[in-house]
Amino acid sequence: MQATLATPARFTGVGLHSGKPARLVINPAPAGHGIVFRRTDLGDVRIPALWDHVEPSVLCTLLRGKGGASVSTVEHVMAALAGTGVHNALIDIDGPEVPILDGSAAPFVQGILQAGLRLSPEPLRAIRVLRPVEVRQGEGFARLDPAERFGMEFAIDFTDAAIGRQEKRLDLANGAFVRELMDSRTFCRQADVDSMQASGLALGGTYFNAVVVDGDRVLSPGGLRHRDEPVRHKMLDAVGDLALAGAPLLARYTGNRAGHAMTNRLLRKLFATRGAWEWTVLSPEAQGRMLGAGVQGHEPAPAKTESRACAVA
């Protein structure tokens, strides 16, 4: 069955790159609606959360609608919706950027679960990947393979010893996103701070909404939430970017040094490749194995969103 929120979920914070205040409300929506952003500061301008509305952007995922209106840094709230099994929502936002909150998807997940979920009798359709699809750039690649449940494998490699090379593989069925990924924050290297701020980026970044590293040191107070928090966050981002497919994926995603742009290129190649995918209606048993199933009643602890000057990648 398709799911939406039972009541609205409200969030207030600042935009990661703009540093400006941002208010966001996730509203219930009827079956078949999908996920749609509405720029309330522009009237009733709506932007579908779909792969073909993604526009190239620096360090985040940006959606653009008709008339040029846009909303950026959508990946964490999209990951939270996918990870809690929400298929339909109207997201009101009063500016061009989603609030960063604590740099992870945990505050969004908490708000969604506190609002509660409402099921519809309408059947849930999924996108079944029928054959491998892959994109590459330099040493990086992203790939989708056929699978009967959603899984992910990811690898990153950074020169900073505090990150280094990290690899992780997860079966993301039946609530694993909430247990394993949702609280992992975006991260950056201290060496990138000055250049990003000089370019007018990361003006809302803080040591409390990102993991900031310098060589072998973690500068953010409290250190890491997980030993491998950086690769977990990359997986979180990929969950959000893949949610822009418009329906759950029956596939396994593999990413190596992959980012937002590469994952979007992968979706574009999937939908452009004849015979690579098909629509399928999920049985109740199959839906129980999907991303987001079985998360009701799990309420993660709220994360701090205090402010301190720094920039974020």
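## Strands S2 and S3

Arginine 10 stands opposite valine 25 of strand S3, and the strands in question, S2 and S3 (residues 21–28), run antiparallel and are joined by six bridges. Helices and strands here are DSSP runs numbered from the N terminus, with helices (H or I) of at least four residues and strands (E) of at least two, and two strands pair if DSSP finds at least two bridges between them.

The model is a predicted one, in which local features need pLDDT of at least 70 and side-chain atom pairs count only at pLDDT 80 or more, while totals for chains, interfaces and linings use all residues. Residues are numbered from 1 along each chain as its sequence is written, and side-chain values use heavy atoms, with hydrogens and water left out.

## The five-stranded sheet

S2 and S3 belong to an open sheet of five strands with the order S2-S3-S9-S4-S5 and mixed pairing. Strand S2 (9–14) and strand S5 (45–48) stand at its edges with a single partner strand each, so one side of each has no neighbour in the sheet. On average, and with direction ignored, neighbouring strands of this sheet are turned by 25° against each other; axes are lines fitted to C-alpha atoms, for helices over the stretch in contact, and angles run from 0 to 180 degrees between N-to-C directions.

Helix H1 (residues 75–83) packs on this sheet and touches S3, strand S4 (35–39) and strand S9 (89–93), its direction making about 145° with that of S4; contact means heavy atoms within 4.5 Å. Helix H2 (residues 106–115) lies across S2 and S3 and runs at about 160° to S2.

Buried means under 20% relative accessible area, exposed means over 50%, and partly exposed lies in between (1.4 Å probe, protein chains only). The buried residues include Glu75, His76 and Met78, and H1 is followed by glycine 85, whose phi is positive, near 75°.

Two packed helices are described by the angle between their axes and the distance between the axes. H1 and H2 pack at an angle of about 40° with their axes 8 Å apart, and they are therefore oblique to each other; angles under 35 degrees count as roughly parallel, over 145 as roughly antiparallel, 65 to 115 as roughly perpendicular and the rest as oblique. His76, Val77, Ala80 and Leu81 of H1 make the contact with Phe108, Val109 and Ile112 of H2. By class, this contact of H1 with H2 has six nonpolar residues, one polar residue and no charged residues, where Ala, Val, Leu, Ile, Met, Phe, Trp, Tyr, Cys and Pro count as nonpolar, Asp, Glu, Lys and Arg as charged, and the others, Gly among them, as polar.

## H1 against H5

H1 also packs with helix H5 (residues 229–242), at an angle of about 80° and with the axes 7 Å apart, which makes H1 roughly perpendicular to H5. In this contact, Glu75, His76, Met78, Ala79 and Ala82 of H1 meet His233, Leu236, Asp237, Val239, Gly240 and Asp241 of H5. By class, the contact of H1 with H5 has five nonpolar, three polar and three charged residues.

Strand S12 (residues 133–137) pairs with S13 in the antiparallel sense over five bridges, with valine 133 standing opposite leucine 144 of S13. The two strands form a hairpin with two residues between them, and glycine 138 in the turn has a positive phi of about 60°. Strand S13 (residues 140–146) is mostly covered, as five of its seven residues are buried.

S13 is also joined to S19 by six bridges, and these two strands run antiparallel; the bridge partner of proline 146 in S19 is alanine 251. The loop between strand S19 (249–256) and helix H6 (260–272) holds glycine 259, which counts as partly exposed at 25% relative accessibility.

## The three-stranded sheet

An open sheet of three strands has the order S16-S17-S18, again with mixed pairing. Its edge strands, strand S16 (187–189) and strand S18 (217–218), each pair on one side only. S16 and strand S17 (residues 211–214) run parallel and are joined by three bridges, and arginine 189 has valine 213 as its bridge partner in S17.
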